[in-house]
Amino acid sequence: MALESPNHTQTVAGWAAYDSSGKITPYVFKRRENGVNDVTIEVMYCGICHTDLHYVKNDWGITMYPVVPGHEITGVITKVGNNVKNFKVGDRVGVGCLTASCLECEFCKNSQENYCDQIQFTYNGIFWDGSITYGGYSKMLVADHRYVVHVPDNLPMDAAAPLLCAGVTVFSPMKDSQLLESPGKKVGIVGLGGLGHVAVKMAKAFGHHVTVISTSPSKEKEAKQRLGADSFIVSTNAEQMQSGKRTLDVILDTVSAKHSLGQILELLKVNGTLVVVGAPDRPMELPSFPLIFGKRAVKGSMTGGMKETQEMMDVCGKHNITCDIELIKPDQINEALDRLARNDVRYRFVIDIAGRSKL
Ligand SMILES: [Zn+2]
Ligand SMILES: [Zn+2]
């Protein structure tokens, strides 16, 4: 493990929750000096991920207060350490969920740092020097360059921010399912939220037939006309679910509310795969018959490795894929979190941290 003992001397203005009320207020704290492997980033924008909501309210019982959330970060490099060769001052960059890993295990060596068992996250994690990590709801960030990616020039920094979590979370299982190199597959996307809407854009860009599966009939027009989905199934409509049986090769399930996988599995062809990327906090129903009778598989996927995060950024640059966002000021974070809790957002809130946008 690469050990450093950096000094935490830099004062940073940010926003934090202090207790499980989840209320966010301004918070001034210290970050480490820029080390030899580090880059310092002036944060421009930070997306509000559903995970932030869970952490500020301590839903999973693991929050270390005060917590500075945010792992969908874009900004500009203001300083680089001596060992850093691939970034320079002025570069447009992004930071996602990962902040450190062991660098030595099989997953780290194969650029699957996201599955390292010593992985540490951008906030509410423990960095190499033992300090608690603070995320992107802050004006400045010091990050190890191995966990930083370039943002393509043609992508706007605000709408690109959510790609760092939402984007790579759906990109990684698509790549893993060979959807990047073999167009013409039938792909299902369950749920049309922050993850789902960008999954639809990516799957279409990769040349697939895309079916959105949702509980809300009202989303059909949006899914088809604006996001380019080919077909739409209302999951509570038995007739539509019946006619969709055995039609899909791969399904990405992005729903974070508790639901049964049984009927969704029936939509898969024989040998099809359902990838769970939403994270319901209670167990999902998984009946055995749809698995056995269709030789189907259910698997999970968590964010992505750094190499594929850069690949995802480049692919999004090539196809001009960004997230649909609602830009807010820092003093609107609490209101945004309340709305996010009600799923009242199209499709991601992004905080204008640097105050550069006209709002
Ligand atoms: Zn996230
Ligand atoms: Zn490792």
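The buried residues of helix α10 are Met306, Glu308, Thr309, Met312, Met313, Val315 and Cys316; a residue is buried if 20 or more other C-beta atoms lie within 10 Å of its own, exposed if 12 or fewer, and partly exposed in between, with C-beta atoms placed from the backbone. They pack against β5 (92-95), β6 (98-100), β9 and α4 (166-176). Helices (H or I, at least four residues) and strands (E, at least two) are DSSP runs, numbered from the N terminus. This is a predicted model, in which local features need pLDDT of at least 70, side-chain atom pairs count only at pLDDT 80 or more, and totals for chains, interfaces and linings use all residues. Residues are numbered from 1 along each chain as its sequence is written, while chains are lettered from A and ligands numbered from 1 in the order in which they are written.

- Helix α10 covers residues 306-319, and its 14 residues should span 20 Å at 1.5 Å a residue, which agrees with end C-alpha atoms 20 Å apart; the expected span is 1.5 Å times one less than the number of residues.
- Tyr147 sits in the loop between β8 (140-144) and β9 (149-150), and it is partly exposed because 19 other C-beta atoms lie within 10 Å.
- The C-alpha atoms of Tyr147 and Leu98 are 6.3 Å apart, although 49 residues separate the two along the chain.

**Overall build**

- The protein has eleven helices and 17 strands.
- Along the principal axes, the C-alpha atoms fill a box of roughly 60 × 40 × 40 Å.
- Of the 359 residues, 47% are buried.
- Among contacts with a separation of 6 or more, 68% join residues 24 or more positions apart.

**Domains and core**

- The domain assignment, which is automatic or from a database, gives domain 1 (8-165 + 321-352) and domain 2 (167-300).
- Their C-alpha centres lie 28 Å apart, and 13 residues of domain 1 are in contact with twelve residues of domain 2.
- The largest nonpolar core has 98 residues, and Val170, Ile189 and Ala203 have the most contacts inside it; such a core is a set of buried Ala, Val, Leu, Ile, Met, Phe, Trp, Tyr and Cys residues joined through C-beta atoms within 7 Å.
- Strand β3 (residues 38-48) gives the most to this core, with seven residues.
- Leaving aside neighbours within four places in sequence, the contacts of Ile189 include Ala203, Val210, Leu252 and Thr254.

**Backbone details to look at**

- The peptide bond from Tyr65 to Pro66 is cis, with omega near -5°, and Pro66 lies in the loop between α1 (50-56) and β4 (73-80).
- Arg346 and Tyr347 are also joined by a cis peptide bond, with omega about -15°.
- Asn58 has a positive phi near 55° and counts as partly exposed, with 17 C-beta neighbours inside 10 Å.
- Gln178, not a glycine, has a positive phi of about 60°; it counts as exposed, with 11 C-beta neighbours inside 10 Å.

Terms used
Two residues are in contact if their C-beta atoms, placed from the backbone, lie within 7 Å.
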